[in-house]
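Have a go at each one before you read its solution.

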Amino acid sequence: MALEQASEQLVDAVVVNDGQLLLVNVQGGWGLPSGVPEEAETAQATAARVVYELTGYLVDGSSLLGSDSAAGAAEPPAVVCHLLSQDPSGEAQLTAGQLRWAPFAEAIEGGLPAAVRAYLEGHTPV
């Protein structure tokens, strides 16, 4: 069933704010906040929920990246999220030391999925 298959795949959240990307440190490395959709949950809703649960930040989960490209099919869906709260809530699963805001240029050099790198390259301030 398509819905069951979709719920098995991780969704990456691409949280952007003022030329920076939110990264989380889980299992010893920096990466995008990500999580598995709940039943009947869209990728956008999953991204917003996961970011809040992990970091305490409210985000909007607005745009799906790479959903129609062949390269994006092998990668987890990624959702661009815009920050709605400047301060995280106290209910986050991760501590402040497990979060960091990286400039787009620095984040692009990391091991991000191709669709995310392409998005950031198109939005990097000159």
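## Charges, rings and salt bridges

Start with a contact you can find by eye: Arg100 sits over the face of Trp30, 5.4 Å from the ring centre. Keep in mind that this is a predicted model.

**Exercise 1.** Work out how the rings of Tyr57 and Trp101 are arranged, and which parts of the chain they tie together.

*Solution.* Step one: a pair of aromatic rings is described by two things, the distance of the centres and the angle of the planes. Step two: for Tyr57 and Trp101, the centres are 5.7 Å apart and the planes make an angle of 75°. Because planes over 60 degrees apart count as edge-to-face, that's the label here. Step three: place the residues. Tyr57 is in the loop between helix 2 (43-55) and strand 5 (63-65), while Trp101 belongs to strand 7 (residues 99-103), so the pair ties together parts 44 residues apart in sequence. Step four: Tyr57 is buried, at 9% relative accessible area, whereas Trp101 is partly exposed at 24%. As for the tally, the structure has one aromatic pair.

**Exercise 2.** Which salt bridges does Arg49 make with Glu38 and Glu53, and where do these residues lie?

*Solution.* Step one: count. The whole structure holds four salt bridges. Step two: take Glu38. Its side chain meets that of Arg49 in a salt bridge, at 3.6 Å from N to O. Glu38 lies in the loop between strand 4 (34-35) and helix 2, and Arg49 in helix 2, so this pair ties together parts eleven residues apart in sequence. Step three: turn to Glu53. Arg49 bridges to Glu53 as well, with the closest N and O atoms 3.1 Å apart. Both residues are in helix 2, four residues apart, or about one turn of the helix. Step four: compare accessibility. Arg49 is buried at 18%, Glu38 is partly exposed at 44%, and Glu53 is partly exposed at 30%. Glu38, Glu41, Arg49 and Glu53 are linked in a salt-bridge network.

Definitions and conventions:
Residues numbered from 1 in each chain as written. Predicted model: local features only at pLDDT ≥ 70, side-chain atom pairs only at ≥ 80, totals over all residues. Heavy atoms only, no water. Phe/Tyr/Trp six-rings, centres within 6.5 Å; stacked < 30°, edge-to-face > 60°. Helix = DSSP H or I, 4+ residues; strand = E, 2+ residues; numbered from the N terminus. Buried < 20%, exposed > 50% of the residue type's maximum accessible area, 1.4 Å probe, protein only. Lys NZ or Arg CZ within 6 Å of the ring centre and 35° of its normal.
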